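Good morning, colleagues. I would ask you to look at the sequence and the structure together while I speak.

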Amino acid sequence: MLRIAIPNKGMLSEPAWNMLGEAGYRLRHNPRQLVVQDPDNDVELFYLRPLDIAVYVGSGTIDVGITGRDLLLNSETEAREELALGFGASTFRFAAPQGSPIDNLEDVDGKRVATTYDKLVGDYLAGHGIKAGIIHLDGAVESSVQLGVADLIADVVSTGTTLRNAGLRVFGDPILHSQAVLIASPRVQQDDERLTVLSRRLEGVLTAKRYVLMDYDIPVGDVARAIAVTPGFESPTISPLHDKQWVAIRVMVPREKVNRLMDELYEVGARGIIVTALQASRI
């Protein structure tokens with residue numbers, strides 16, 4: 001049975017549960033339930049803190065897990081990234097007080113940097129030849145400068161509102177662009193059939209999130225123009241209708257382009273255009 005760790009709370013939890021389908025939701029009867037078995041799919045789910053998942057996976061206690069790339073790189077474990085999952089995006093950056101002379105990476109040399117991600121920041125600075133003191137804090141690092149604990153911080157930045165409210169500004173290039181990733185234990189071989197199946201299923205869900213199924217009717221004489229608008233992956237499915245002058249076309253299209261494609265199809269003569277969401281797929 002494949003043992004899978006997923007976040008119990010936080011911004012990664014809901015999408016991770018969605019990606020694992022039935023086992024993520026229906027089989028978990030109580031939010032305090034930390035272990036769920038899914039015998040039909042031969043998996044066992046463990047709901048853990050995102051910060052701890054890479055540690056469990058790296059030690060081999062858990063086979064695979066879903067966590068953030070930043071948490072993986074900061075974990076000091078041997079867990080490896082297998083698949084980027086396309087959600088939970090974040091940017092990791094330096095921030096200094098407004099009006100501070102700290103304005104680029106070179107200015108960090110000799111300063112005190114407060115962060116929750118000691119290893120990640122330390123490795124980044126060492127890789128650029130910068131020597132600085134790393135001050136570990138478990139949370140609210142933006143308050144560390146005002147309280148005199150540090151000269152600047154390194155933290156996850158989304159909108160930057162929290163930093164601005166603390167009188168801080170970001171500077172320099174991002175330390176890391178992070179997102180949710182599937183990670184695997186060093187004890188699980190890359191050609192392990194269980195890992196292959198899980199990766200394929202997750203990729204199917206990712207594809208389903210990026211694409212939708214589009215059905216429409218089109219006069220036979222306009223099929224070539226319609227296919228030029230929606231070529232599909234290999235080729236659209238074309239089915240005859242009762243009226244021999246018309247055919248029905250079914251094709252997968254990018255979700256983000258749906259409205260524009262519907263407009264273009266209507267212009268070339270398509271009617272009865274219907275868009276259906278996908279739950280999973282195999283491409």
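Which residue in S14 does Ile238 stand opposite? In this predicted model, the residue opposite Ile238 is Ile249. The two strands concerned are S13 and S14, the latter spanning residues 246-254, and they pair in the antiparallel sense over four bridges.

Let me place that pairing in its sheet. The sheet is open and has four strands in the order S13-S14-S12-S15, with antiparallel pairing. At its edges stand S13 (237-240) and S15 (271-277); each has a single partner strand, so one side of each is left without a neighbour in the sheet. From one strand to the next, the twist averages 20°. Helix H6, residues 193-210, packs on this sheet and touches S12 (211-219) and S14. The direction of H6 makes about 50° with that of S12.

I turn now to the aromatic residues. There are four aromatic pairs in the structure. One of them, Phe94 with Tyr124, is tilted, at 6.1 Å centre to centre and 55° between the planes. Phe94 belongs to strand S6 and Tyr124 to helix H4, so this pair ties together parts that are 30 residues apart in sequence. Phe94 counts as buried at 1% relative accessibility, and Tyr124 is buried with a relative accessible area of 16%.

Phe94 also pairs with Phe171, in a stacked arrangement: 5.9 Å centre to centre and 20° between the planes. Phe171 lies in strand S10, 77 residues apart from Phe94, and counts as buried at 4% relative accessibility.

Finally, a charge and a ring: the charged end of Arg271 sits over the ring of Tyr266, 3.7 Å from the ring centre.

Methods: Residues are numbered from 1 along each chain as its sequence is written. This is a predicted model: local features need pLDDT of at least 70, side-chain atom pairs count only at pLDDT 80 or more; totals for chains, interfaces and linings use all residues. Side-chain values use heavy atoms; hydrogens and water are left out. Two strands pair if DSSP finds at least two bridges between them. Axes are lines fitted to C-alpha atoms, for helices over the stretch in contact, and angles run from 0 to 180 degrees between N-to-C directions. Contact means heavy atoms within 4.5 Å. Rings of Phe, Tyr and Trp (its six-membered ring) pair if their centres lie within 6.5 Å; planes under 30 degrees apart count as stacked, over 60 as edge-to-face and the rest as tilted. Buried means under 20% relative accessible area, exposed over 50%, partly exposed in between (1.4 Å probe, protein chains only). A charge sits over a ring if NZ of Lys or CZ of Arg is within 6 Å of the ring centre and within 35 degrees of the ring normal.
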